[in-house]
Structure formats: structure tokens, C-alpha cells
Amino acid sequence: MYIYNLLYNRYGDLGWWPAETPFEVAVGAILTQNTSWNNVELSIQNLKKKIDLNPEELLRLDIDELKLLIKPSGFYNQKAERLKIFSKFVSVEYSGDIKYLDRFKTSDARNILLSLKGIGKETADSILLYACEHPIFVIDKYTMRMFNRVGVGWPEKYDIFQKNIMKLLPHDLNIYRHYHALIVENSKNYCRSKPICEGCPIAKICKKTIFNK
Ligand code: SF4
């Protein structure tokens, strides 16, 4: 919790995930694969200008029009197909209510999402944590990079990182939600591919900084 506290003291509650509905969270989680959030925001704005962002309306949208609307997020052919598959699943299985996944155990809900084409671990966990209320830690490239620079020395494998981080933290939905957001924010501001360590809130305990001094 020490790193969490240092980050939280700097940035506070970042209000993640930025979305109006749980379904919008899931759409964002699919669109953000391999692209930056700014591009996702443009796509979501386009979608919301055209439709009410819910599974039924997204299913009704012509696929070519959908591709055009989400083009800013890149990989729009793949992502349009993934959004259609996901929307159909939520619509048919859960009457359009993604929160139905909260009725399952976290591991079962996760397996359900992972069985859908184009939903990997990071996307599934983002949906479970932010669209639903499943306490599961989201791992991404920022998390692995920052923790390994700090000095944990874990292999950069999704499951290992997730298990190790969750072992160190209270099993708490809000802490997981805040922490992932804080890591992303700090990685954008300081812990970039070329880190800017001066001013980083965790510099005083980070091995990379300490050894570079
Ligand atoms: S001190 Fe530098 S290397 Fe360490 S977390 Fe901050 S930016 Fe990254």
C-alpha cells in the first residue's frame, strides 16, 4: 500500500473509469486495445452522436458505419467485429444488462468474457472491475514497467503480476479501481518509456532512480 499511498497523495481520486454507463466502459475497454485513450474518446464521441450507446443500438448499426465511427481507435475492422460480438452476447444472454455478470463468481465471470472473440485478459479484467463490481486487478504494460523499475523483479507475465499485486493489497474494489488509474496517470506523467524521474511521487523508493543517482 506504500506506493499506492504515495500515488494517491499526489493524484487523488481520478474518477476512473470515465464513462456514463457500464456498457460504455466495456466499449471503451475493447476500443482501447493497442491505442491511446484520446483516440478512444473520439470514437466514443462519434458513437454517441449517432446512437444511444447500448447493446441493442450498437447491434442495429450498420457494420460499415460502425467501422467509420470507431476509425480513430485503429484496427477498426477487428474492433467493429468485436463490438458486434460483445453486444450480441450481452443482448441475447443478459437482456442488454452487462451488470448481470455481477451475479457470477469473479473467476466464472472472467471465463465467460475470455470465451468471447477478441476479449483478452486486460480487457476482461477492465470490464469486470469498472463496468461490474468484481475486485480484480487490471494489469497492463504500464503496471509491469513501473513495478519492475521500482524493483519487484517479477517476470512480465500478466497472471504472475496480477497474483503478486493482489497478494500485497486488501481485496478491495475501490483500491483496485483507484490504483490502476493512478499507475496509468503516473506512467503518462513520469514513468514513460524514457522515464522522467525528477518529481515522480515514488522516486524516493524506486530502485531505478536510486541506482541512477
Ligand atoms: S522514479 Fe522514475 S523509474 Fe521510478 S517509477 Fe518514477 S519515473 Fe518510473
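I will start with T209, which is buried at a relative accessible area of 10%; buried means under 20%, exposed over 50% and partly exposed in between, with a 1.4 Å probe and protein chains only. T209 is found in helix 12 (residues 207-212). Helices here are DSSP runs of H or I of at least four residues, strands are E runs of at least two, and both are numbered from the N terminus. Leaving out residues up to four places away in sequence, T209 touches C197 and A203, where contact means heavy atoms within 4.5 Å.

A word on the basis. This is a predicted model, in which local features need pLDDT of at least 70 and side-chain atom pairs count only at pLDDT 80 or more, while totals for chains, interfaces and linings use all residues. Residues are numbered from 1 along each chain as its sequence is written, and side-chain values use heavy atoms, with hydrogens and water left out.

Now the layout. The domain assignment gives domain 1 (2-13 + 138-212) and domain 2 (22-131); such bounds come from an automatic or database assignment. Their C-alpha centres lie 27 Å apart. To the contact, domain 1 supplies 11 residues and domain 2 supplies 7 residues.

UniProt, in an unreviewed entry, lists residues 31-189 as "domain: HhH-GPD"; its positions are given in the numbering used here, feature names are shortened, and annotations may be inferred rather than shown by experiment. That stretch is 66% helix and 0% strand, with 22 Å between its end C-alpha atoms.

Next, the core. The largest nonpolar core has 68 residues, and those touching the most other members are L7, L47, F86, L113, I127, F147 and Y179. By nonpolar core I mean buried Ala, Val, Leu, Ile, Met, Phe, Trp, Tyr and Cys residues joined through side-chain atoms within 4.5 Å. Helix 2 (residues 22-31) gives the largest share, 7 residues.

Apart from neighbours within four places in sequence, Y179 is in contact with I3, Y4, L7, F137, F147 and L169. Y179 also belongs to a cluster linked by ring pairs, with Y4, Y8, F137, F147, W154, F161 and Y176. Rings of Phe, Tyr and Trp (its six-membered ring) pair if their centres lie within 6.5 Å; planes under 30 degrees apart count as stacked, over 60 as edge-to-face and the rest as tilted.

F161 brings us to helix 10 (residues 158-168), whose buried residues are Y158, F161, Q162, N164 and I165. They pack against helix 7 (106-114), helix 8 and helix 9 (141-150).

The structure holds 16 aromatic pairs. One of them is W17 with W37, edge-to-face at 5.4 Å centre to centre and 90 degrees between the planes. W17 lies in the loop between helix 1 (2-11) and helix 2, and W37 in helix 3 (residues 37-50), so the pair ties together parts 20 residues apart in sequence. W17 is buried at 11% relative accessibility, whereas W37 is partly exposed at 22%.

W17 also pairs with Y130, tilted, at 5.4 Å centre to centre and 55 degrees between the planes. Y130 is in helix 8 (residues 121-131), so this pair ties together parts 113 residues apart in sequence. Y130 counts as buried at 7% relative accessibility.
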